Amino acid sequence: MVQNTGLFQFAVLDHIYFTYELNKERRRMKILMISSLYPPNNIGGAEKAVQILSEGLAKRGHSIMVITTQPTGLSTTKVINGVRVYYVPVRNMQHPFFAKSSIEQSLLKAVWHGIDSYNPWMAKAVQDVIETEKVELVHTHNLAGFSVATWTVSHNLKLPIVHTLHDHYLLCPKSTMFRNGKNCTSICVDCRFYAKPRQLASLNVNTVVGVSAYILNRHLELRYFSKAKQSQVIFNPYIGPHHKKMHVVQAPVRFGYLGRIHPIKGIENLIKAFTGLANRSQLLIGGTGDDEYIARLKQIGSHLNIKWLGYVNPQVLLENIDVLVVPSLVNETAAMVIQEALAVGIPVLSSKRGGMPEVLGDAGWLFDPDDPQSLISILTRLIQHPDEISSKCEQAWQRGMFFSVDSVFQQYESLYRSL
């Protein structure tokens with residue numbers, strides 16, 4: 001009888017433990033995402049990634065709130081696809097992305113950047129949302145407009161903090177670490193004043209995530225997040241069309257550029273590389289930028305087979321090209337446009353910069369933007385041997401599968417629970 005009682009007690013305890021573990025895995029978490037921008041105020045891939053993650057976690061049963069900046073007007077709250085979004089005005093001299101005019105005076109610009117390095121007024125706005133929503137965990141993304149003061153207030157409220165690195169904001173006020181036509185190898189002397197409070201505040205972060213090993217290691221090497229218990233790479237999630245584009249590439253080979261028309265994106269080098277290739281290939285350019293700069297580029301490429309599309313749905317451009325070219329001069333952390341191309345089986349010709357080689361894998365080709373001939377050589381080879389492009393389509397599609405949203409959601413859920 002004693003033996004049977006012992007077995008019964010063991011079975012009960014085993015059931016309780018199993019139920020506890022199951023409930024722990026399914027437990028609904030209340031998470032606050034903090035992001036400089038959020039739809040409909042999109043500029044780049046980081047905002048898309050935050051939206052995909054937020055809405056995906058909400059569909060998986062978690063309570064997700066987002067606090068983001070409002071370009072103009074008063075604070076508002078909306079529910080977008082199951083996510084409660086708090087839009088708050090920037091409490092600084094101007095909005096970091098939607099200013100009506102830029103600050104020209106260096107003293108005023110320095111004051112603006114100083115406030116943006118540690119902004120207690122924006123921290124108060126974050127604290128109000130945390131207390132209203134009874135948040136359990138804070139996940140920060142791009143912090144321009146909010147500042148790292150959000151980490152301090154979250155830490156003081158004894159909340160675990162996860163930060164995802166999307167760019168160089170913590171190291172450089174311009175978020176690019178690109179100056180005078182070159183990538184910075186270290187933090188510039190005049191940037192250190194703004195970078196130091198950001199580095200000190202990073203001591204409050206429990207876990208740091210990089211959307212590429214490049215951006216994560218760049219920060220860790222500069223002694224950011226030195227007290228973080230975990231650091232790991234989680235690529236941006238991609239949600240959108242995903243299908244194979246298996247076709248025989250024929251002349252003229254169609255190359256495409258998709259993104260912001262800006263000098264740091266290397267678009268001028270790409271146009272110049274097409275000189276002498278115009279009769280054997282076509283270049284489609286989709287994107288917007290400064291009107292004067294675009295006019296100058298059109299003048300440079302006036303004799304070439306270039307089609308300017310302006311703002312275009314990415315899928316429209318991708319359906320009409322054989323190779324996507326990403327010629328960026330700057331160290332991109334993880335260009336989402338590469339993921340978009342791979343998802344539909346379009347191989348990519350990318351500059352060897354930042355985290356882009358990690359995203360691309362073996363689904364394309366890499367060139368050195370400091371060596372213009374390296375780009376010309378690859379373009380020439382692909383034009384002469386289009387079958388090489390066709391053979392890469394399968395690899396591109398397989399690589400695109402790697403960025404499955406479910407995989408990314410599971411990695412973040414596991415990370416949250418570990419905290």
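Student: Which cysteine holds the sulfur closest to that of Cys191, and at what distance?
Tutor: This is a predicted model, in which local features need pLDDT of at least 70, side-chain atom pairs count only at pLDDT 80 or more, and totals for chains, interfaces and linings use all residues. Residues are numbered from 1 along each chain as its sequence is written, and side-chain values use heavy atoms, with hydrogens and water left out. A disulfide is a pair of cysteine sulfur atoms within 2.5 Å. The sulfur of Cys191 is too far for a bond from its closest cysteine sulfur, that of Cys188, at 4.5 Å.

Student: How many disulfides are counted?
Tutor: The sulfur of Cys188 has its closest cysteine sulfur in Cys184, at 3.7 Å, which is too far for a bond. By the distance rule, the number of disulfides is zero.

Student: Is Cys191 buried or exposed?
Tutor: Buried means under 20% relative accessible area, exposed over 50%, and partly exposed in between (1.4 Å probe, protein chains only). The relative accessibility of Cys191 is 11%. Cys191 therefore counts as buried.

Student: Where do the buried residues of helix H6 lie?
Tutor: Helices (H or I, at least four residues) are DSSP runs, numbered from the N terminus. In H6, residues 192-201, the buried residues are Tyr194, Ala195, Arg198, Gln199 and Ala201. Viewed down the axis of H6, these fall within an arc of 160 degrees, taken from the directions from the helix axis to the C-beta atoms. They therefore line one face of the helix.

Student: What is the relative accessible area of Leu107?
Tutor: Leu107 belongs to helix H3, residues 106-117. Leu107 is exposed, and its relative accessible area is 64%.

Note on methods
Helix = DSSP H or I, 4+ residues; strand = E, 2+ residues; numbered from the N terminus.
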